[in-house]
Amino acid sequence: MTNKKQIELLLSDLTSISDLEIYQKISDLKRFSKDFFEYSPILINELKDCLAEIVVRPLSVDAIIFVAQICNKYSTPLTLRGSGTGNYGQCVPLNGGVVMVMSGLKKIRNFDSKSGEITVESGCLLRDINDELIKHGRQLRLLPSTWRSASIGGFIAGGSGGIGSVRWGFLRDPGHLQSLEIITTEASPRKLELNANNSEALNHAYGTNGIITALKLTTAPYVNWHQIVVDCADWNQAVDLLAKFNCAALDLYLGTLLEKEIVNCLPDWSGKPSGKHRILLLVSPDGVSTIARLAKSAEADFDDLGPENLRAGTGLRELSWNHTTLHMRGIDPSWTYLQMLLPQPEYEIMRKLKSEWGSDLLWHLECVRQNGVQRLASLPLVKWRGEKAMNHLMSQCKELGAVIFNPHTITVEDGGLGVIDSDQVQAKSNFDPKGILNPGKLKGWNLKED
Ligand SMILES: Cc1cc2nc3c(=O)[nH]c(=O)nc-3n(C[C@H](O)[C@H](O)[C@H](O)COP(=O)(O)OP(=O)(O)OC[C@H]3O[C@@H](n4cnc5c(N)ncnc54)[C@H](O)[C@@H]3O)c2cc1C
């Protein structure tokens with residue numbers, strides 16, 4: 001915590017900055033100190049009392065430079081926030097200080113019609129970027145299911161993948177992020193242009209090693225995705241069929257499989273009630289007949305819901321990834337979840353855990369491309385039985401060969417592969433030498449400081 005006197009001095013310096021909104025009401029401090037960490041009962045305990053002392057919202061890059069300089073002067077923690085839709089408290093200020101909301105930086109700076117690359121400011125919403133791209137016959141390659149409200153800066157710094165991962169893998173795969181414009185938090189902050197290579201250390205670093213002000217991204221040709229629902233009575237048959245779709249010569253944007261107990265709880269725009277396990281697909285128009293043929297040969301039910309309506313917010317994409325968890329928690333908040341890459345073959349882990357957990361664990365699978373290979377990931381719904389049971393479940397998953405991405409932890413490393421990335425730590429030394437950016441979230445830096 002910064003002391004009261006320091007906060008007063010800091011505030012008086014901040015008020016001299018033009019292009020800067022300042023929020024001090026307790027209701028605003030609370031609102032901007034939270035994200036969706038409530039999905040994890042473990043994180044609720046750790047994060048519920050964390051509170052910013054001041055919230056600022058810059059409207060220009062120059063204002064950001066001044067905020068960085070002032071926070072450096074008083075050694076005040078500075079935590080960045082996009083739209084605050086993260087699940088692991090990524091933008092929650094662990095040590096108080098200033099929360100800087102990046103939503104005022106929302107210009108689309110350039111679209112390169114030759115390469116399809118787009119350069120945008122970090123507070124742009126993914127929805128707005130996608131709308132712009134559609135005008136040029138392009139679209140975003142990867143989207144979180146929160147794409148309507150999430151910012152691109154928050155997605156790159158705090159997200160991992162989602163819709164599009166079936167074709168385009170994950171955000172940290174080389175080829176998505178082409179360059180960054182960042183502001184450092186040194187005594188005299190610098191504005192730097194980082195090439196694709198140097199940008200890697202800031203990709204998925206929770207805003208701990210640089211303030212992203214603009215990004216250049218690759219994009220994909222626009223496709224008018226069709227929404228298809230395929231229902232199967234038998235779970236193993238549904239998994240086989242999903243794997244077939246995943247590996248066929250189909251242009252897919254989404255491939256999700258949900259156990260029937262989940263389907264029963266989804267909103268009515270998810271397709272006709274069937275009492276069966278359900279596959280949700282976004283496929284290009286030329287793939288619809290192949291899906292129908294493969295479904296028929298597996299004696300599964302096929303339903304074409306037609307092209308997506310991106311305006312409505314009631315598409316199959318809003319039932320996928322962590323939106324499945326959102327809908328289930330809307331009915332019963334004692335549901336929480338896990339994230340993992342399933343081992344192959346997938347049946348053994350699913351059968352084993354089901355036999356132990358019964359209806360307290362419901363399978364939700366997503367088609368992904370991992371290191372260039374088509375695989376199945378899972379975000380199973382898990383009934384909360386306490387921290388010990390959750391830790392035991394994660395250990396079991398690892399023993400059975402799954403790679404866990406733990407959603408019940410606050411550090412970059414523990415939420416990923418558990419490994420310290422020395423490039424991320426080096427970037428923090430270079431760009432945030434006092435360690436004021438989002439303190440406590442980069443384990444490699446915490447260990448260095450101890
Ligand atoms: C229902 C639900 C579904 C979700 N589905 C997905 C999904 O499919 N895939 C997925 O990856 N995630 C998913 N998420 C998590 C989250 O919505 C996304 O990762 C989203 O892109 C985060 O964007 P945001 O603007 O809300 O970022 P925030 O939550 O505000 O911030 C995320 C991180 O980025 C940092 N940050 C923000 N702006 C900047 C900046 N300008 N410079 C540097 N650092 C910055 C913050 O400090 C924080 O560490 C889901 C969450 C929910 C609640």
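This is a predicted model: local features need pLDDT of at least 70, side-chain atom pairs count only at pLDDT 80 or more; totals for chains, interfaces and linings use all residues.
Let's start with the ligand. There are 37 residues around it, and Leu80, Thr85, Thr146, Ser151 and Gly161 come nearest. Three elements, strand S3 (78-81), helix H6 (152-158) and helix H12 (321-331), each supply at least two residues of the shell. H6 gives the most, with 5 residues.

| Residue | Atom on the protein side | Distance to a ligand oxygen |
|---|---|---|
| Thr146 | polar side-chain atom | 2.7 Å |
| Ser151 | N or O atom in the side chain | 2.7 Å |
| Tyr206 | polar backbone atom | 3.1 Å |

As for cover, the ligand on its own has 970 Å² of accessible area, and the protein covers 97% of that.

Next, the sheet. Three strands make an open, antiparallel sheet, in the order S16-S21-S18. Strand S16 (335-337) and strand S18 (361-362) are the edge strands, each pairing on one side only. S18 is joined to strand S21 (residues 381-383) by 2 bridges, and the two run antiparallel.

Finally, the surface. Val403, Leu417 and Val419 form a nonpolar patch there, with about 290 Å² of accessible area together. Leu417 sits in the loop between helix H15 (412-415) and helix H16 (422-431). Is Leu417 buried or exposed? It counts as exposed, because its relative accessibility is 66% and the cut-off for exposed is over 50%.

Definitions and conventions:
Residues are numbered from 1 along each chain as its sequence is written. Side-chain values use heavy atoms; hydrogens and water are left out. Two strands pair if DSSP finds at least two bridges between them. Helices (H or I, at least four residues) and strands (E, at least two) are DSSP runs, numbered from the N terminus. Patches are made of residues with over 30% relative accessible area and no salt bridge: like charges are joined within 9 Å, nonpolar side chains (Val, Leu, Ile, Met, Phe, Trp, Tyr) within 5 Å. Accessible areas come from the Shrake-Rupley method with a 1.4 Å probe; for residues, only the protein chains shown count as cover. A salt bridge is a side-chain nitrogen of Lys or Arg within 4 Å of a carboxyl oxygen of Asp or Glu. Buried means under 20% relative accessible area, exposed over 50%, partly exposed in between (1.4 Å probe, protein chains only). A residue is near a molecule or strand if one of its heavy atoms lies within 4 Å of it. A polar contact is a pair of N or O atoms within 3.5 Å; within protein, one must be able to donate a hydrogen and the other to accept it, and residues adjacent in sequence count only if both atoms are side-chain atoms.
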